[in-house]
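Have a look at the structure before reading on.

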Amino acid sequence: MQLQTQRFNDALRNTGMIAILRGVRNAEAEAIGAALYDSGFRIIEVPLNSPDPLVSISALRKSLPADCIVGAGTVLKAAQVQQVKDAGGELIVMPHSDGAVIRAARDAGLYSAPGVATVTEAFAALDNGADVLKMFPAEQLGPQVVKAWRAVISRDIALLPVGGITPEGMAVFRAAGASGFGLGSALYTPGLSAEEVRQRAVAFVTAWNALG
């Protein structure tokens with residue numbers, strides 16, 4: 001059975017942003033996760049092309065409160081879904097829209113956020129059981145595409161632009177109908193200290209709150 005959708009929606013509404021920790025090392029995962037949580041983030045993903053990603057996911061899940069959803073990004077194959085679940089992950093984030101991966105996440109009781117770049121991909125992902133839609137890459141799609149999609153995709157479905165999002169750039173996407181964002185290098189890059197991540201996280205949360 002799938003996890004309660006309300007829990008995911010509550011986490012997303014908290015700040016509207018998913019923290020992407022690409023390249024994080026497991027020795028620092030807990031400290032960075034704590035900095036993000038303290039700043040208001042409630043959804044964190046560790047891409048599977050990070051060093052020892054499953055170890056980091058497990059560490060984050062064990063160290064963070066239950067209202068924070070921890071998951072994996074860059075999930076490319078259905079077989080990886082069970083590995084993420086075994087590590088304590090609750091969310092499967094993908095750069096693409098492979099129906100087999102979406103269905104595997106659904107069957108495992110995990111949330112899924114497939115990457116989509118066309119309306120056709122978006123509706124196919126929803127038909128396969130996607131919980132939210134990751135609009136990727138946001139730099140290429142732009143806010144005008146978000147606006148066009150929102151005309152045909154119910155506001156009950158979260159549209160999350162990912163790629164090149166900065167605190168200053170969120171307002172135009174939000175006005176176009178974006179529900180939230182996935183945040184990559186503008187929030188975290190390998191080598192940043194937990195305090196540096198905290199400062200960036202606060203800047204994003206402040207910008208999000210200013211959107212009303």
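Which residues does Pro167 touch, not counting residues up to four places away in sequence? Pro167 touches Ala203, Phe204 and Ala207, where a contact means heavy atoms within 4.5 Å.

Before going further, a word on the ground rules. This is a predicted model, so local features need pLDDT of at least 70 and side-chain atom pairs count only at pLDDT 80 or more, while totals for chains, interfaces and linings use all residues. Residues are numbered from 1 along each chain as its sequence is written, and side-chain values use heavy atoms, with hydrogens and water left out.

Back to Pro167: its place is in the loop between β8 and α8 (170–176). Pro167 and Arg150 are 17 residues apart in sequence, and their C-alpha atoms are 22 Å apart in space.

**Strands**

In the protein chain there are nine helices and nine strands; these are DSSP runs numbered from the N terminus, with helices being H or I of at least four residues and strands E of at least two. The radius of gyration of the protein chain is 16 Å, close to the 17 Å that the globule rule gives for 212 residues, so the chain is as compact as a globular protein of that length. That radius is taken over C-alpha atoms, and the rule is 2.2 Å times the number of residues to the power 0.38.

β6, β7 and β8 form an open sheet of three strands in the order β6-β7-β8, with parallel pairing; two strands pair if DSSP finds at least two bridges between them. At the edges sit β6 (115–116) and β8 (158–161), each pairing on one side only. Gly115 stands opposite Lys134 in β7.

Elsewhere, Ile43 stands opposite Ile69 in β3. Strand β3 (residues 69–73) is mostly covered, with five of its five residues buried, buried being under 20% relative accessible area (1.4 Å probe, protein chains only).

| Parallel pair | Bridges |
|---|---|
| β6 and β7 (residues 132–135) | two bridges |
| β2 (residues 43–47) and β3 | five bridges |

**The whole chain**

Along its principal axes, the C-alpha trace of the protein chain spans about 45 × 40 × 30 Å. Of the 212 residues, 53% count as buried. Looking at contacts between residues at least 6 apart in sequence, 59% join residues at least 24 apart.

Conventions: Buried < 20%, exposed > 50% of the residue type's maximum accessible area, 1.4 Å probe, protein only.
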